[in-house]
Amino acid sequence: MAQPGRASLKEQRYDRQLRLWGDHGQEALESAHVCVINATATGTEILKNLVLPGIGSFTIVDGNRVSGEDVGNNFFLQKSHIGQSRAQSATELLQELNNDVSGNFVEESPEKLLDNDPSFFNRFNLVVATQLPESTLLRLAELLWNSNVPLLVCRTYGLVGYMRVIIKEHPVVESHPDNALEDLRLDKPFPELSEHIQSYDLDHMDKKDHSHTPWIVIVAKYLTKWFNEKSDQLPKSYKEKEAFRQLIRQGILKNENGIPEDEENFEEAIKNVNSALNTTKIPRCIEEIFNDDCCTNLTEQSPSFWVLVRALKEFVANEGQGTLPVRGTIPDMIADSSKFIRLQNVYREKAKKDIAAVGNHAAKLLQSLGKAPESISERELKLLCSNSAFLRVVRCRSLSEEYGLNTFNKDEIISNMDNPDSEVVLYLMLRAVDRFYKQHGRYPGVYNYQVEDDIGKLKSCLTSFLQEHGLSVVVKDDYVHEFCRYGAAEPHAIAAFMGGAAAQEVIKVITGQFVIFNNTYIYSGMSQTSATFQL
């Protein structure tokens, strides 16, 4: 009897997030092992936001000892920790946030691990690298890219936040789009829906039944009337939609004085005309996924996502007759329970039928690839079918491509430099700062007495970077001065903001839900603005 109690306790604790990503998303989170390099203010803020929602386990890799500066900007380190292992001290305090999470630490610098035990990083679901020098970051990124381990780079530099997602391919089944329209198929009703709609006779109903008929049925009925009397096309323009609304209004019952009755279901039908009359078609992004090489050329190594996408494509070409599987859900509406449930069941049964058809295609594909039928679960199949209009595939460029003189995305930088205060300027400054570190073995302006001298040195680093990359763009001197004044500080306010944003991306990657950004995110604490770029 202990287990159900524990489950309900967990449901209470994680109630809000379970509503976001469901039981299966929480399971993925709880079985994940994440590595965070460096227990800096940014690193511990990211971990705080992963430990609280219940990440399975984390490992901190950090060979540093706690310094006075650490205690000044990191809430997970105390004065008594000065001189002790930063990895161990942070792990102990982070674990206090959630007993269900397993915390580990490795008192080793990432450089030493890359030299002596590079395979160490392959055991994680995802690696987060914070505050790493460029040379170490490039080595780590290359290793993880070749091992297919996702990497999230996160950095706080003064009032600037930077994130970079590095992942070869990230399919998203549950993208949770905002304001998604219902899948009602009123323009192309399937036989079972047509039959159900025909079972209603609005002209010969008593008042109670008439005012409790679901609005979907009302719209469908008047759409048939529209096709018979007005046009063979769906109402598209504002004028046509207004005429269609007027047609529905005429159907409202009138009392003995000829005054229209108060029928809320008809008002609901009129209100939903815009969303109900959307055309049933395959979204362009889904067409692109269908035409992707990974869908066209399946192999034994193909992940289940691509096998299911191919099965979906075959369903569309056959049973679907050019349409995706029916989603199987309808919105809540004014109707009596029996009418609503009957209508809901029509959509549900059709969705089940479509899922079974996609499942049959998937089974044949698995057999042809020599894969076991159980390699794709029923849950995976159902999820993909009910989200078939919202599938996404994110492919990021590698860090070596971004840093290569012949492969960096010059157009993206130049097109965003129309605005001299674009966030892309902050990216160029971070690259200049890394060049400064490479040349001088330190960051600019760390001590007050260095600021003035370092302004010229940083400007020269920026100029040489821009020249090497053939970028004829102008960066204001104010930015050079500002970055020297930052002194590579890691203010807690910026680190906390970046910690929340980075943890959110980690959760997206682990759960396979919601869409990650592609591929660079820059936050400006000066202007309180942010932007993403494909670099």
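Figure 1. Y486 is buried, at a relative accessible area of 10% (buried means under 20% relative accessible area, exposed over 50% and partly exposed in between, with a 1.4 Å probe and protein chains only). The model is predicted: local features need pLDDT of at least 70, side-chain atom pairs count only at pLDDT 80 or more, and totals for chains, interfaces and linings use all residues. Residues are numbered from 1 along each chain as its sequence is written, and side-chain values use heavy atoms, with hydrogens and water left out. Y157 has a relative accessibility of 3% and therefore counts as buried. The ring centres of Y157 and Y486 are 6.4 Å apart and the planes stand at 70 degrees, so this pair is edge-to-face (rings of Phe, Tyr and Trp, the last by its six-membered ring, pair if their centres lie within 6.5 Å; planes under 30 degrees apart count as stacked, over 60 as edge-to-face and the rest as tilted). Y157 in strand 5 and Y486 in helix 23 are 329 residues apart, and the pair links these distant parts of the chain (helices, H or I of at least four residues, and strands, E of at least two, are DSSP runs numbered from the N terminus).

**Figure 2. The stacked pair of Y157 and F483.** The structure holds 14 aromatic pairs. In one of them, Y157 and F483 are stacked, with 5.7 Å from centre to centre and 20 degrees between the planes. Y157 belongs to strand 5 (residues 151-157) and F483 to helix 23 (residues 477-486), so the pair ties together parts 326 residues apart in sequence. F483 counts as buried, at 0% relative accessibility. Ring pairs join Y157, Y437, Y443, F483 and Y486 into a cluster.

**Figure 3. Helix 16 against helix 17.** The axes of helix 16 (residues 304-317) and helix 17 (residues 337-368) come within 8 Å and cross at roughly 120 degrees (axes are lines fitted to C-alpha atoms, for helices over the stretch in contact, and angles run from 0 to 180 degrees between N-to-C directions). Helix 16 is therefore oblique to helix 17 (under 35 degrees is roughly parallel, over 145 roughly antiparallel, 65 to 115 roughly perpendicular and the rest oblique). The contact involves V307, L308, R310, A311, L312, E314 and F315 of helix 16, and D354, A357, V358, H361, A362, L365 and L366 of helix 17 (contact means heavy atoms within 4.5 Å).

**Figure 4. Surroundings of Y403.** Y403 is part of helix 19 (residues 399-403) and counts as buried at 16% relative accessibility. Leaving aside residues up to four places away in sequence, Y403 touches E134, L138, R431 and H469.
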